[in-house]
Amino acid sequence: MNHGAPTVNILMAEDDDAEFELVRRAFASSRLSCRLTRFANGKDLLDFLLARGGHAGRVIDKNLPCIVLLDMDMPVLDGRDTLKALKSHPLLRRLPVIMLTGSAADEDVVNAYDLGANSFVRKPLTYGDFVEAVNALELFWFDVAVLPVPLDLPGRGAQAQAPASAGRKHSRS
């Protein structure tokens, strides 16, 4: 991890402990300085983002997550319905959502993109492959892509909103 780089927020909805641990270890070994926050299902993720339910009353950070990693098959609220909710919410729809799932079904890929996913990544089977996948995600999403500026959310207070064309780019030393 590069301690001189700005810390980026990554939220992950993943119900499997072992798979989350692989992703966590892969990010920990990357050059990216990140805060990876896990939720066991999509409902918990949405409640956190919108400061409702079990997260009601929490002060929402000034920075939205840079990206959301979303498993497809989870209890309570699965990745498909979570993606629908994210992309239909006026304050959350610009968040880049990467489906990170074990599904190998072509129809799941098509469905995810139809619902507004920004990327679909099949979960690698080994730790080494997870590290390679995280490095590829890091390269694209934090070196190449320009990410949307955080928007105002309830509970965060009034902040000036940047024009839609404004972006935020994270750089590494």
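Student: Before that, where do the numbers come from?

Tutor: The model is predicted, so local features need pLDDT of at least 70 and side-chain atom pairs count only at pLDDT 80 or more, while totals for chains, interfaces and linings use all residues. Residues are numbered from 1 along each chain as its sequence is written, and side-chain values use heavy atoms, with hydrogens and water left out.

Student: OK. Is Thr 101 buried or exposed?

Tutor: Thr 101 is buried, because its relative accessibility is 1%. Buried means under 20% relative accessible area, exposed over 50%, and partly exposed in between, with a 1.4 Å probe and protein chains only.

Student: What is Thr 101 in contact with, leaving aside neighbours within four places in sequence?

Tutor: Asp 71, Met 72, Phe 120, Val 121, Arg 122 and Lys 123. Contact means heavy atoms within 4.5 Å.

Student: Zoom out. How many helices and strands are there?

Tutor: Five helices and seven strands. From the N terminus on, they run β-α-β-α-β-α-β-α-β-α-β-β. Of the 173 residues, 47% are buried. Among contacts with a separation of 6 or more, 67% are between residues 24 or more positions apart.

Student: Now H2. Why is it described as largely enclosed?

Tutor: Because seven of its nine residues are buried. They are Gly 42, Leu 45, Leu 46, Asp 47, Phe 48, Leu 49 and Leu 50.

Student: What do those buried residues of H2 pack against?

Tutor: Strand S1 (8-13), strand S2 (34-39), strand S3 (67-70) and helix H3 (79-88).

Student: Take the H3 side. What's the angle between H2 and H3?

Tutor: About 20°, with the axes 9 Å apart. That makes H2 roughly parallel to H3. Gly 42, Leu 45, Leu 46 and Leu 49 of H2 meet Thr 82, Ala 85 and Leu 86 of H3. By class, that contact has five nonpolar, two polar and no charged residues.

Student: How are the axes, angle labels and classes set?

Tutor: Axes are lines fitted to C-alpha atoms, for helices over the stretch in contact, and angles run from 0 to 180 degrees between N-to-C directions. Under 35 degrees is roughly parallel, over 145 roughly antiparallel, 65 to 115 roughly perpendicular, and the rest oblique. Ala, Val, Leu, Ile, Met, Phe, Trp, Tyr, Cys and Pro count as nonpolar, Asp, Glu, Lys and Arg as charged, and the others, Gly among them, as polar.

Student: And the ends of H2?

Tutor: At the start, a side-chain oxygen of Asn 41 comes within 3.0 Å of the backbone nitrogen of Lys 43. Just after H2, Ala 51 has a positive phi of about 50°.

Student: What about Phe 48?

Tutor: Phe 48 sits in H2 (residues 42-50). Its relative accessible area is 17%, so Phe 48 is buried. Beyond four places in sequence, Phe 48 contacts Leu 11, Phe 39, His 55 and Arg 58. Leu 11 is 37 residues from Phe 48 along the chain, and their C-alpha atoms are 9.9 Å apart.

Student: Last one. How do H1 and H5 pack?

Tutor: Helix H1 (residues 17-28) and helix H5 (residues 127-144) pack at about 55°, with axes 9 Å apart. That makes H1 oblique to H5.

Student: Which residues meet there?

Tutor: Leu 22, Val 23, Arg 25, Ala 26 and Phe 27 in H1 meet Tyr 127, Phe 130, Val 131 and Val 134 in H5. Eight residues of that contact are nonpolar, none polar and one charged.

Notes
Helices (H or I, at least four residues) and strands (E, at least two) are DSSP runs, numbered from the N terminus. A polar contact is a pair of N or O atoms within 3.5 Å; within protein, one must be able to donate a hydrogen and the other to accept it, and residues adjacent in sequence count only if both atoms are side-chain atoms.
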